[in-house]
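This report describes one protein chain for a reader who is new to structures. Please look through the sequence and the model before reading on.

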Amino acid sequence: MPQLILLNKPYGVICQFSDHPTHPTLKSCVQQPGVYPAGRLDTDSEGLLLLTGDGTLQHRIADPRWKLPKTYWVQVEGEPKEEQLELLRRGVDLGDFVTRPAEVRRIDNPELWPRNPPVRFRKTVPDCWLEIIISEGKNRQVRRMTAKAGLPTLRLVRVAIGPWKLDGLQPGEMRALEVDLAALPRSASAGRGGKPGDRTPPRQAQAADRGGKAPTFRFARGKKP
């Protein structure tokens with residue numbers, strides 16, 4: 001079976017192996033030769049990045065027709081109103097495309113590693129955390145979505161892609177596992193963007209069942225940094 005690497009990409013690391021003039025690259029985290037990212041994660045975003053040397057598995061993960069749901073914990077500036085969250089859930093017109101409906105809920109502050117450099121806050125403006133689940137992967141999509149809703153993103157951490165989760169990986173740490181291609185699920189909402197009214201919204205009741213409790217990040221080796 002093909003091998004998949006789960007990496008917790010640190011903030012500021014660019015998703016390429018070739019040298020970059022201003023940013024550290026994946027070479028700073030991954031010494032294993034012959035593997036490549038299956039998808040991307042913005043330089044100023046953190047969290048789960050999948051890598052593999054198997055072309056079939058890479059295509060299966062990254063191809064839009066098989067897009068797996070991706071879960072983000074997003075720290076936003078402002079106090080979200082229900083209509084702002086509903087805009088994200090219905091689909092957001094970003095000008096060049098309309099996002100598919102997303103699962104969005106407010107969560108308590110998650111237990112995460114400190115970001116380096118720290119997030120810059122405005123003392124007079126509140127902030128909060130959202131869990132956003134999408135099945136697309138357009139350039140800077142989540143940041144553009146929250147900005148359009150009037151909730152600028154301060155910090156963005158991807159915690160899951162389909163069945164794979166960070167599960168305690170600290171920044172720069174990785175874990176390898178074998179993958180059965182036949183067992184991979186296909187997202188019911190896979191595909192490209194369109195008009196918000198063209199699609200059935202995701203099952204919000206499923207998100208509501210989680211009760212909005214604070215998610216817990218379990219650090220590797222049972223220790224917090």
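What percentage of the 225 residues in the protein chain do buried residues make up? The figure is 48%, where buried means under 20% relative accessible area, exposed over 50% and partly exposed in between, with a 1.4 Å probe and protein chains only.

## Basis of the model

This is a predicted model, in which local features need pLDDT of at least 70 and side-chain atom pairs count only at pLDDT 80 or more, while totals for chains, interfaces and linings use all residues. Residues are numbered from 1 along each chain as its sequence is written, and side-chain values use heavy atoms, with hydrogens and water left out.

## Overall layout

The protein chain has four helices and nine strands. These are DSSP runs numbered from the N terminus, with helices (H or I) of at least four residues and strands (E) of at least two. Along the sequence the pattern is β-β-β-α-β-α-β-β-α-β-β-β-α.

Contact means heavy atoms within 4.5 Å. Of the contacts in the protein chain between residues at least 6 apart in sequence, 77% join residues at least 24 apart.

## Strand S7 and its partners

In strand S7 (153-161), nine of the nine residues are buried. Two strands pair if DSSP finds at least two bridges between them. S7 runs parallel to S3, with two bridges, and Glu46 has Val157 in S7 as its bridge partner. With S4 the pairing is antiparallel, over seven bridges; here Tyr72 stands opposite Arg158.

S7 also runs antiparallel to S8, joined by two bridges, and Ala160 stands opposite Lys165 in S8. These two strands form a hairpin with two residues between them, and Gly162 in the turn has a positive phi of about 55°.

## Strands S5 and S6

Strand S5 (residues 103-107) is largely enclosed by the rest of the structure, because four of its five residues are buried. S5 pairs with strand S6 (residues 127-134) in the antiparallel sense over five bridges. Glu103 has Ile133 in S6 as its bridge partner.

## Helix H1

Which residues are buried in helix H1 (residues 55-62)? They are Leu57, Arg60 and Ile61. They cover an arc of only 95° around the axis, so they are on the same side of H1; the arc is that of the directions from the helix axis to the C-beta atoms. Strand S1 (3-9), strand S3 (46-52) and strand S8 (164-165) are among what covers the buried residues of H1.

At the start of H1, the backbone nitrogen of Thr56 has a side-chain oxygen of Asp54 within 3.1 Å.

## Two buried loop residues

Thr25 lies in the loop between S1 and strand S2 (36-37). Thr25 counts as buried because its relative accessibility is 7%. Leaving aside neighbours within four places in sequence, Thr25 is in contact with residues including Val13, Phe17 and His20.

Ala38 is in the loop between S2 and S3, and counts as buried because its relative accessibility is 6%. With neighbours within four places in sequence left aside, the contacts of Ala38 are Leu50, Leu51, Gln58, Ile61 and Ala62. Ala38 and Leu4 are 34 residues apart in sequence, and their C-alpha atoms are 9.4 Å apart in space.

Key
Polar contact = N/O pair within 3.5 Å; in protein donor to acceptor, adjacent residues only side chain to side chain.
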